Amino acid sequence: MNLKKDVCVIGGGVMGLATAYYLLKSGKTVALLEKGEVGNGASSSCDDMILLQSKKPGIVLTLAMESLEMFKGLSDELGADIGFLTLGGMIIIEDEKQLKIMEDFVKKQVSYGLDVEIVGRDVLFKKQPHVARYMIASTYSPTDSQVNPMLLMRAFLRRGIDMGMDLFRYTPVEEISKSGDHWKVMGGNDVSVECDSIVIAAGAWSGQIGQLLGIDIPIRPIKGQIAITEQIAPIGETNCWTAAYIASKHDPSILPYKSEFDREIGLGFSFSRASEGNYLIGSTRENAGFDKTTNFKAISRILEQTRQYFPIMNKVNIIRTIAGFRPGTKDGSPIIGDIDGYPGLFIAAGHEGDGIALSPVTGKIVAEMVCGTGEHKRVEELNLRRFSNN
Ligand SMILES: Cc1cc2nc3c(=O)[nH]c(=O)nc-3n(C[C@H](O)[C@H](O)[C@H](O)COP(=O)(O)OP(=O)(O)OC[C@H]3O[C@@H](n4cnc5c(N)ncnc54)[C@H](O)[C@@H]3O)c2cc1C
């Protein structure tokens, strides 16, 4: 089957679906090619947080704050429940060294306009009555929110289909060529799409799409493992993370891991109650290629620290474990924008552990770039070319 469309989006994760939706909203015709089922990648194997507190102070935090504002109206806009909730978030602090690190981090975040503060043990224990008593302080932000990634993807997909999007599942993109001003994207099952523009939104696999064109897109899979509990009543007022989680995400060298094994698996602690009442407990940051298995040793460490930080969790059953591939870049920031020397080629990938949170804002910005509308100087620092300058 050969189609003619304005834009071909490669990848049916949250980023591809969001970008397709905003393109359709701008009046473009769109085909989306996905190598497996929709949500085949990280977007269905992840936590559910719009966690502003974990965002790198700078453009990523600014975009996350804008994305949160978009999320507030997204259910109504898409006409579907996306499981959006605002419970706030706390990063629990075990000792003075962690406190110093978090004070510096919070100061920077506040300078970008984030509503976050350090609170003492009284506030911590009031909001988290089951947290370990040795904790010395915590951060608190009332704005941290969450969304159900599966509902979010389904909502973008349904609206996209309603607006005329052509979706091809089980259609891996295998070849891309250019003739004159037009691109031709060839996928499995004899599907080909002739188009003016292409958006690469293939998550951790985006480098493989780049290779089809001889373009180096430096995105690698960063494996994360999560344990999921049975449905239980809330055990605290907000969701929680540790200072070690923030360090493992941004700069592990500032906070030494507790053991060589923790370092090997990039252990952090995230603890969030999904909208259905199951707790999602994570996670690791592993350099393990595309091996998607969960393993007993890493999950055991995740659970050991859960019992250490929240002893009450000893009594709760784990019903499932999952692993996913965060699309990671060298500097931890996403790659958003056009690609030098390839007119009509765009990328929306590399969002590491922030892709759910950043999906609406990224989709909207990339759609505007494709349409040649809007003003995007502020996101130039996220362009792919930043890696060729190094
Ligand atoms: C353990 C864990 C916890 C996380 N927690 C959070 C969180 O709390 N909040 C948050 O915001 N983010 C979180 N993330 C990150 C988030 O999941 C990702 O950033 C986001 O899902 C990336 O979306 P994506 O669409 O770019 O990639 P993906 O969801 O991986 O989608 C890429 C798609 O491209 C497809 N594809 C690949 N190659 C081809 C090809 N050749 N042809 C066609 N299609 C192709 C894949 O099959 C896949 O469906 C977490 C991730 C993990 C692993």
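The legends below describe close-up views of a predicted model.

**View 1. Domain 1 and domain 2 of the predicted model, and the contact between them.** Domain 1 is made up of residues 2–45, 150–218 and 332–388, whereas domain 2 takes in residues 89–142 and 220–328. The C-alpha centres of domain 1 and domain 2 are separated by 31 Å. Where the domains meet, 12 residues of domain 1 are in contact with 11 residues of domain 2. On the side of domain 1 that touches domain 2, the residues comprise 8 polar, 3 nonpolar and 1 charged.

**View 2. The packing of helix α1 against helix α5.** Two packed helices are described by the angle between their axes and by the distance between those axes. Here helix α1, which covers residues 14–25, packs with helix α5, which covers residues 149–162, at an angle of about 35° and with the axes 9 Å apart. The crossing of α1 and α5 is left-handed. From α1, the contact is made by Val14, Leu17, Ala18, Ala20, Tyr21 and Leu24, and from α5 by Pro149, Leu152, Met153, Phe156, Leu157, Arg159 and Gly160. Sorted by class, the residues in the contact of α1 with α5 are 11 nonpolar, 1 polar and 1 charged.

**View 3. An open sheet of 3 strands, in the order β3-β8-β4.** Strands of a sheet pair through backbone hydrogen bonds, and the pairing may be either parallel or antiparallel. In the sheet shown here, the pairing is antiparallel. The edge strands are β3, at residues 49–50, and β4, at residues 85–86, each of which pairs on one side only. Strand β8, at residues 145–146, runs antiparallel to β3 and is joined to β3 by 2 bridges. Within this pair of strands, Met49 has Gln146 of β8 as its bridge partner.

**View 4. The shell of residues around the ligand.** The ligand has 43 residues around it, of which Gly13, Gly41, Gly203, Gly224 and Gly355 come nearest. At least two residues of the shell are supplied by each of α1, β13 (220–231), β17 (318–328) and α10 (355–371). Domain 1 and domain 2 both take part, since the shell draws at least three residues from each. By class, the residues of the shell around the ligand divide into 19 nonpolar, 17 polar and 7 charged.

Definitions and conventions:
Residues are numbered from 1 along each chain as its sequence is written. This is a predicted model: local features need pLDDT of at least 70, side-chain atom pairs count only at pLDDT 80 or more; totals for chains, interfaces and linings use all residues. Axes are lines fitted to C-alpha atoms, for helices over the stretch in contact, and angles run from 0 to 180 degrees between N-to-C directions. Helices (H or I, at least four residues) and strands (E, at least two) are DSSP runs, numbered from the N terminus. A crossing is left-handed if the near helix is turned anticlockwise from the far one by less than a right angle, and right-handed if clockwise. Two residues are in contact if their C-beta atoms, placed from the backbone, lie within 7 Å. Ala, Val, Leu, Ile, Met, Phe, Trp, Tyr, Cys and Pro count as nonpolar, Asp, Glu, Lys and Arg as charged, and the others, Gly among them, as polar. Domain bounds come from an automatic or database domain assignment. Two strands pair if DSSP finds at least two bridges between them. A residue is near a molecule or strand if its C-beta atom, placed from the backbone, lies within 6 Å of it.
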